[in-house]
Amino acid sequence: MPPAGPVFLARASYRQRRLRDGIRMMPMFGIVAWMVPLLSSGQALTGRIGLYIFGVWIVLIVLSALITSRMSRDADAPDGTALTDDSV
Amino acid sequence: MSVGINLIVVVSLVYVAFLFVIAFMAERSAARGENAWLQSPLIYTLSLSIYCTAWTFYGAVGYAARSGLEFVTIYLGPTLVLLGWWWILRRLVRIGRAQRITSIADLISSRFGKSTALGMIVTLMAVVAATPYIALQLQSVTLSFAVFAQQDNLTWATDDLNAAAIWVAVGLAIFTVIFGTRNLDANERHSGIVIAIAAEAIVKLFALVAVGAFVVWGLAGGPQATLDLIDASPISDWQQSGGRWATLIFLSAAAFICLPRMFQVLVVENTNERNLGVASWAFPLYLMAMSLFVLPIAVVGLNIMPANTNPDLFVLTIPLSQGQEGLAMLSFLGGFSSATSMVIVATIALATMVSNHIVAPIWLNARTEGASISGDVRKVIVLARRLSVAGILALGYLYFRLSGGGAALAAIGLVSFSGAVQVLPALIGGIFWRASTRIGAACGLMTGFAVWLWTLFLPSFGVDAALSSSVMMNGPFGIGWLRPQALFGIEGIDPLVHGLVWSILLNAAAFFVGSVLSFPTPLERLQGAQFVNVFEHSNNAQTWSGNAARAEDLLIMAQRIIGPNEAQQLFQTESTKQGKQGYLPDVTPDFVNGLEKELAGSVGAATAHAMIGQLTEGATVSVEDLIAVADEAAQIVEYSNQLEAKSAEQDRTARALREANKKLTALSVQKDAFLSQISHELRTPMTSIRSFSEILRDGGMADQSHARFAGIIHDEAVRLTRLLDDLLDLAVLENGQVTLHQQTGSLDDLIDRSIAASGVPTGTMQIIKTGGAAEISVTSDLDRLAQVFINLITNARKYCAAVRPTLTIAVEAKRHELTIDFIDNGDGIPADDHAVIFEKFARLTDEGKAGSAGLGLAICREIMERIGGTITYLPGQGGAAFRVTLPATAFDEIPQSSSLLAGQ
C-alpha cells in the first residue's frame, strides 16, 4: 500500500508545507496577542492599548499577505489534491 | 440653506437607481459569459463587507462612546476566522462546491443524511434570529432621515418614522425580488447583487474614512492631538472585563461563519477557492480601516457635541454641526449602503432557506401524487422565494413597529448574533467529526435555541415585556435555578456572557451526547465521510443503486425543476454518452447521482433527495457504495476506477450493438407482419372489386343498384391507389430522387393550412397553438413540410384516446434551431416502441382503427431528412408528442415592421 501523504522530507514541497503550517498558526498568534491586554489591569490607558491592538492587526495582515502570496503558486494545482492537509 | 430632507430623499433615490444600473449591467455581462472580473478576489473581498452593517457603521461609534475599546472585538473575531481560513473556511467552500450547497440550512441538512427536519429547524432559528437585526437596519435608516429632517426644523413624529421605514422596506423588497429571485440559478449565485454590495462596500468605507480624517485632522488637530484627547476623555481608562472581551471575540468569530447572509457570500457566492486566500488578508485590512477612526470620532463627539446628543449618530451629526454638508451626505450614503446591502443579502439567504426547506417539502407532502405529477415546481419555488422576501421584510418591519425602535432595539444586535451561532456546534462537528449524527445535531440545535430564547431573546424585549419581572427575579413558577439571567443559581455574570456561554455549552453537550448515543443511518455515514474527508475524495460517491426509477419519470420531474430545455439537454447528453439515441438514457447510479446534484442546486439537497427517492422507491445506499468511500478502501476504489475506465469503452460499443440488434429483430418481426398485412390490404379491395364487377358483368339489376355497385368499385380503387401512392412516395424519398421546391412563407399560415387540410371535423378535437409562429417565416419545401404537419395532426385525431382530445402545437425559435412540438393528451406511446415508430413497417394499434398501412411517420421522417430537419418522439409530455426541428438556415424572425405591414 502506498503512503497516505507526501514523504516528510520531500524536497519540492517541504517549504510549501511549512508555509501552510504558518497559515495554520496565524489565528493562534492573533488570539494570544489580543488577549495580552487583559493581563494589564487597572493602570493601562485606552489610547495605548488601542495602538497595541491596531499594531498587532497590521502585523497579522502583512504576515498573512506574505505567506498567502508565497503559497499561491502551489494552490494552482488543478485538482486540489496538492493542498491535502494531512501534514507531515 | 442647509441640506434638508428633500435633498436627502432625492440623493438616496439617485443612489438606488445607480445600484440598479450596475446590478443590471453585471447580470448582463454575466449572462454573456464575460464574468472574469465579477469573479475576482477583489469583488469577493468587498462582498464580505456586508458583515459591516448599519449597526457597525453608526453603532460602533456609540458603542465606543459608552464602553471604549470593547467595540473592536466585533471586528477582531472575523479577522481571526479569515486569518485561519486554512482551518474552516477552505473546508466549507470546498464542501459547498462539491455538494452544491445553497444555504447554511442546506449544509446542515445535507451533512446529516439530507434530513428535511434539520433543514426546517435551522431555517426557523435563522428567521427568528435575523428578524430583529433587519428591524435594526430599518431603524438606523429612518433615524438618519430624521436627523436631516431636523435640519429643516421639522421634528419627525413616530408616524413619519414609520412611513419612512415602510418605504425603505418596500424599496428593498423590490430590489431583492428583481435581482435575487429572477431565476433558479443552478448555483444560487447572483452577480447583480454581488456587484451592488461591492459598490456599497466601497461607499461605506470611503464615507467612514472621510469622516474620520475630517475629525482627526480637521477638528482634533492631528494624530498626536487625537491621542491626547482620548487620554483626557471619559473612556480613557482601560477597564475591560476579560470575560466580555473573550466572549465577544468568540461570538463575532462564530457569527461570521454562521450568519446566513455571511454563509451566502462566503460559500455560496464563492466562485473560486483562491479568492479566499486573498480575502484572508484583504478583508482584515478592510475591517481595520473600518474601525481605525471609530475611537477618535467617539471622543471628539463626546467633546464637542451637546451632552444629550445620541452618540450612535455622531458619524452624521458631527459633520452637520460643523457645517460640512457634503461630508454629512456622504456619511448618510455610507450608513444607507451598510443597511441596504445587509438587508438584501440576508433576505435572499433566508428566502432561499424558507423556500427550499419549508415550502418545498410541505408542498411535496401535500400532493398525494408525489413527485411525478404534472405542474411546474420551478414556478412554485420562485413564487415561494418572492413571497419569502416580502414576508421576511414584513416581519422586520413589524418587529420595528412592535419594539417601538429606540434603545431596546440597539441592544439586540449581539442577541441576534448569539441566536445565529447556535448552528456552530452542528456545523463544526459536521465537518470535522464523522460520528456526529442527525439525532445529535437536532438535540444540540434545539437545546441551544431554547436556552438562547430563555436567557437572551425574551429578556431583550425589556422588563415586563415578554417575561415579567417576577420571573426574572425568582424564576418561572418560583423555580430559582431557572432564572433567565442566573441559570443553575450562578449569579452576577454579565447577561450576554451568561446567555451565550450557557446556550453554546449546553448545545455542544447535547450534540455530543446525542451523537454518541445514537447510530447514523447509511446515508448519514456516507455524507459524513464526504464532508469530513472532502479533500481526500472530492469525486462523487454513489448514493443510488438499482434501476427502480424509469428514465421517463425522472425526465418529467427534472423538466419541472430545471426547465424543459435544460432537462432534455441533460438527458440527451447522458444518452449520447451511453451510446444511445433519443432522450432516455439508462438509469445508472452515476446518472441518478449527477441528476440529484443538479436538482439540489435548485431546490436544496433534502428536497432533491426526497423527490428522487419517491421515484426510485427507496433504493438507497448499498453496502458496496459505503465501502467505496471509506478511507480503508481507497485502493479498491483506485483499482476499480482503472477497470471501469477500461470497460467503459467496451460497454458503450456493446450497448450500441445491443440496441442495433434489438431494432433489427423488432423490424424483422414487424416486416413479416407488414407483408401479410399489405397483402391483406391489397386483397380486401381487390376482392370487392372482383365480386362487384362480376355482378355488374352478369347484369340484370335495377339502375339504382348498378350505380351503387359502380360507386363501391370506384371507392375501393381509390383506396388502392392511395396505398400505392404512399408506397411510391416513400420509395422516391428513400432513393433521394425527390426534387425540393424552395418557398418562403409564414409558419403560422403553414400550420393553419395543415390544420384545414387534415380535415379534422370541427368539435371533435381542440387544437391549441402556442409560441410565436406568426413572427416566423420558413424557407423550405413548404408543401412537403405541410405534408408532415398534416400527417401528425391526422395521427393525433386517429390515435388520441382522450375523452376530450386536445392537440397543442408549440413553436419555439431557439438560437440554432426551430422546434415545432405536436403534443396530444392521449395515452402516448410506450417507451419500448419509441425506437420503431418511424420505421416504415411499424404500426402499433390494430389496423381496423387506423385505416392506413402505417407509412405516415416513415414518410415524415424521410421528408424531414430531405429538407435538413429532424422529427423525433418527445417523451414525458403527458401524451404522444412529436418534435419537428428545422435548422437555423431554414427560418427567420419576421421583422416587426413588415409583419405590421402584412397585417394591414
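How do α6(B) and α13(B) lie relative to each other, roughly parallel or roughly perpendicular? The legends below take up this and other close-up views. This is a predicted model, in which local features need pLDDT of at least 70, side-chain atom pairs count only at pLDDT 80 or more, and totals for chains, interfaces and linings use all residues. Residues are numbered from 1 along each chain as its sequence is written, while chains are lettered from A and ligands numbered from 1 in the order in which they are written.

**View 1. Helices α6 (residues 89-98) and α13 (residues 260-268) of chain B cross at roughly 75°.** Their axes, lines fitted to C-alpha atoms over the stretch in contact with angles running from 0 to 180 degrees between N-to-C directions, come within 9 Å. α6(B) and α13(B) are therefore roughly perpendicular, a term for angles of 65 to 115 degrees. L89(B), L92(B), V93(B) and G96(B) of α6(B) meet L266(B), V267(B) and V268(B) of α13(B). Such contacts require C-beta atoms, placed from the backbone, within 7 Å. By class, this contact has six nonpolar, one polar and no charged residues; Gly counts as polar.

**View 2. Helix α10 (residues 191-220) of chain B has 30 residues.** Helices are DSSP runs (H or I, at least four residues) numbered from the N terminus. From first C-alpha to last, α10(B) reaches 42 Å, close to the 44 Å expected at 1.5 Å a residue, where the expected span is 1.5 Å times one less than the number of residues. Because 22 of its 30 residues are buried, α10(B) is largely enclosed by the rest of the structure. Buried means that 20 or more other C-beta atoms lie within 10 Å of the residue's own. Just after α10(B), G221(B) takes a positive phi of about 95°.

**View 3. I108(B) belongs to the largest nonpolar core, which has 255 residues.** A nonpolar core is a set of buried Ala, Val, Leu, Ile, Met, Phe, Trp, Tyr and Cys residues joined through C-beta atoms within 7 Å. I108(B), C258(B), I297(B) and V423(B) touch the most other members. Helix α17 (residues 325-366) of chain B gives the most to this core, with 20 residues. Leaving aside residues up to four places away in sequence, the residues that I108(B) touches include L118(B), V122(B), V423(B) and A441(B).

**View 4. Chain A meets chain B through 33 residues on each side.** α2(A) gives the most to the side of chain A that touches chain B, with 15 residues. Chain A has two helices and zero strands, and 18% of its 88 residues count as buried.

Notes: Two residues are in contact if their C-beta atoms, placed from the backbone, lie within 7 Å. A residue is buried if 20 or more other C-beta atoms lie within 10 Å of its own, exposed if 12 or fewer, and partly exposed in between; C-beta atoms are placed from the backbone. Angles under 35 degrees count as roughly parallel, over 145 as roughly antiparallel, 65 to 115 as roughly perpendicular and the rest as oblique.
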